Amino acid sequence: MSKKLYALLAVLLIAATVLTACGGGAPAGGSKVEVFSWWTGGGEAAGLEAMIKVFNAEYAGVEFVNAAVAGGAGTNARAVLASRLQAGDPPDSWQGHAGQELIGTYVAGKQIEPLNDLYEAEGWLSVMPQTLIPLISQDGNIYSVPVNIHRANVLWYNPGILTANNVAVPTTVDEWIAAMETLQAAGVQPLALGEQWTKMHLLETVLLGTLGADKYNGLWDGSTDWGSAEVTAALDNFVTIMGFANTDSASLSWQDASQLVINGDAAFNVMGDWAEGYFRELGKTPNTDYGWAPVPGSVGVFQFLSDSFVLAVGAPDPEAATDWLKVAGSKAGQEAFNPVKGSICARTDCDKTLFGVYLQSAMDDWSNNIVVGSLTHGVVANDSWKSEIDTALGAFIADLNVSAFQSALVAACQNSGPCQ
Amino acid sequence: MLKTFFRDKDRYLSIILISPSILAVLIFVYVFIGWSVRVSLSKWKGITADYTWNGLDNYIQLFSDQRFHVDVRNTLIFTGVFVIGSIVLGFLLAVMLDQGLKGEGFFRSLFLFPMAISYIVTGVVWRWLMNPAEGVRTSGFNLLFSYLHLDFLQNAWHTTPNWGMAAIALAAIWQMSGYTMALYLAGLRSIPGELREAAQIDGANELQIYRYIILPLLSPVTLSALIILGHMSLKVFDLIIAIAGKQYPLDVPAIYMWQTTFDGLFYGRGAAIGILLLISVAVLIIPYIRYTLKTEVRQ
């Protein structure tokens with residue numbers, strides 16, 4: 001009796017294991033598009049939902065499968081995506097930061113398709129800034145459809161503190177340093193800074209502010225020498241500027257750091273314009289509680305980052321995937337997504353009345369500034385290069401040795417960038 | 001029922017029953033270790049697998065990698081402070097509880113509770129407690145010290161240059177000293193009272209009893225605690241991420257492995273770090289397992 005019982009249990013156990021492994025395959029019917037992202041919370045998830053509504057209205061016959069993976073600002077999602085791609089099971093389309101983060105990873109692995117034909121058919125080339133296109137292309141092929149645009153080179157300031165100390169909003173790096181000296185002498189914390197990645201964010205804007213748009217772009221295509229005296233000057237500026245920051249930066253998130261400005265605990269903070277969404281969430285008023293300007297030295301330059309969608313090589317349903325990309329690049333789709341997410345459209349023809357004061361000013365700049373890409377947010381350097389720069393930056397923050405940092409940056413460009 | 005089950009002719013049944021887990025362990029542990037070794041000997045960089053033979057280059061590069069040196073140094077600091085701190089504190093707590101004080105059960109649970117919390121929760125709380133902000137934004141321990149007029153105790157905690165890891169270890173000590181206490185308490189309770197009495201009759205004072213009787217008898221417990229805490233500290237990851245995030249001064253091999261593999265796509269290097277971690281844990285654990293198995297068999 002007991003023997004039979006155990007035998008039965010054993011069989012049941014094995015059967016259960018096998019059945020679980022085989023389960024989950026729902027019957028397929030009609031066309032569907034599986035879109036992979038890490039938009040699972042806040043304005044991002046709400047924006048995605050709004051865009052899905054536009055998609056469902058236009059392509060009623062196509063089922064939309066939202067394959068979003070939560071956690072780690074995309075780190076988890078990217079690990080899941082990597083394992084799916086290695087297993088030959090790609091989603092139809094996935095989210096990625098426009099630029100080298102996508103190109104360096106997935107074009108090199110022949111996992112995403114060029115989209116030039118789609119851009120021409122949809123007329124996107126004439127509604128997106130000309131200087132944007134090369135940044136999301138490789139060898140003349142465009143690889144992704146940007147849905148939103150964020151600006152990285154924004155200097156947030158506390159208008160009350162600047163007025164009280166008679167400091168004008170600086171437009172050059174030298175003016176900025178002078179302003180911070182004045183503030184420091186007056187006993188004000190000049191600059192708010194957070195953990196390591198926010199320092200990389202500051203570094204890229206100081207590089208841009210010191211070198212200017214052309215030479216900054218040259219850093220990423222190999223035409224500006226990382227070992228040059230100009231880069232040394234930029235790094236010297238970076239050290240000087242970091243010297244004005246709060247001593248507890250390593251323990252602050254970007255929210256903590258930008259909040260110091262609106263609370264009146266610090267005068268300046270450099271952060272992407274998602275900070276503005278955060279300020280509004282806290283009930284602050286633009287131009288009263290916080291002001292903004294391009295990071296000194298980068299007036300007339302828009303350092304962008306963007307979430308964009310790609311077309312997978314071997315997408316299960318390429319037609320439905322293309323339909324999704326059409327919506328992602330359309331005026332209706334972007335107007336649905338961006339006001340909710342708190343970013344601006346990649347297109348320059350969106351309705352301005354849908355957006356707040358700050359975003360309207362960003363839209364103006366987006367349509368007439370020179371566009372360059374962000375390092376921290378994946379536009380200009382591939383993942384490996386960026387991670388080597390991050391390591392070099394980490395060592396630099398600890399010892400502030402400019403020449404060691406610069407040679408590490410030269411080595412990083414040789415190992416993983418275009419410098420050979 | 002059990003008797004029939006363990007009879008020889010029924011052995012096939014037990015093999016069938018445990019075969020799924022044996023298979024799972026074989027595949028998901030040993031095959032994957034083998035695969036990681038293979039990846040660590042390859043040039044794999046980027047999202048597509050690349051098994052081009054690279055010899056020991058990944059390992060050699062790590063040994064000259066400045067960041068890996070920082071990692072090893074940080075791990076040593078963390079291990080030292082955490083293991084010694086937990087053992088000393090755990091022992092003292094156990095001795096205190098062993099004095100037969102009132103409400104022993106309450107205090108025992110109180111000291112044990114932190115162990116039930118995940119490192120992430122501990123990390124979030126201690127991140128706030130060890131806030132290094134100065135001036136009006138002072139909070140956590142530093143604020144407490146200022147209320148108590150102990151301002152000289154205020155410090156930068158985990159943002160202290162070079163020694164920040166020691167602050168992280170404080171949080172780990174808080175979490176694990178209760179566990180060490182439980183180990184020691186069990187050990188103390190298993191020491192027969194006659195031994196103490198005999199020593200007392202021989203004229204030993206309390207200190208001498210601990211030095212010559214109790215501590216030597218507790219050495220197996222100390223060894224266990226050393227091994228368990230030691231291998232935990234080699235693998236520490238979540239506590240640091242929760243307190244400080246991904247920052248170079250508080251980097252350890254596990255964080256480097258994760259970042260270089262998934263953020264930087266250096267799969268070969270990531271696998272090499274993983275294997276080095278495995279080896280270092282194995283060096284600690286395997287002799288211990290052999291030792292315990294042997295003593296158990298003897299018993």
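1. A charge counts as sitting over a ring if NZ of Lys or CZ of Arg is within 6 Å of the ring centre and within 35 degrees of the ring normal. Arg211(B) meets this for Tyr212(B), lying over its face at 4.9 Å from the ring centre. Arg73(B) lies over the face of Trp163(B), at 5.2 Å from the ring centre.

2. On conventions: this is a predicted model, in which local features need pLDDT of at least 70 and side-chain atom pairs count only at pLDDT 80 or more, while totals for chains, interfaces and linings use all residues. Residues are numbered from 1 along each chain as its sequence is written, chains are lettered from A and ligands numbered from 1 in the order in which they are written, and side-chain values use heavy atoms, with hydrogens and water left out.

3. Chain B has 14 helices and 0 strands. Both kinds of element are DSSP runs, numbered from the N terminus: helices are H or I with at least four residues, strands E with at least two. The radius of gyration of chain B is 24 Å, well over the 19 Å that the globule rule gives for 299 residues, so the chain is more spread out than a compact globule. That radius is taken over C-alpha atoms, and the rule is 2.2 Å times the number of residues to the power 0.38. Along the principal axes, the C-alpha atoms of chain B fill a box of roughly 75 × 70 × 35 Å.

4. Of the 299 residues of chain B, 42% count as buried (under 20% relative accessible area, with exposed over 50% and partly exposed in between; 1.4 Å probe, protein chains only).

5. Now the rings. Rings of Phe, Tyr and Trp (its six-membered ring) pair if their centres lie within 6.5 Å; planes under 30 degrees apart count as stacked, over 60 as edge-to-face and the rest as tilted. The count over all chains is 42 aromatic pairs. In one of them, the rings of Trp156(A) and Tyr358(A) have centres 5.4 Å apart and planes at 50°, so the pair is tilted. Trp156(A) lies in strand β8 (residues 154-157) and Tyr358(A) in helix α14 (residues 357-368) of chain A, so this pair ties together parts 202 residues apart in sequence. Both Trp156(A) and Tyr358(A) are buried.

6. Trp220(A) and Trp226(A) have ring centres 5.3 Å apart and planes at 75°, so they pair edge-to-face. Trp220(A) is buried, at 8% relative accessible area; Trp226(A) is buried too, at 3%.

7. One aromatic cluster is formed by Trp39(A), Phe55(A), Tyr59(A), Phe64(A), Phe309(A), Trp324(A) and Phe337(A).
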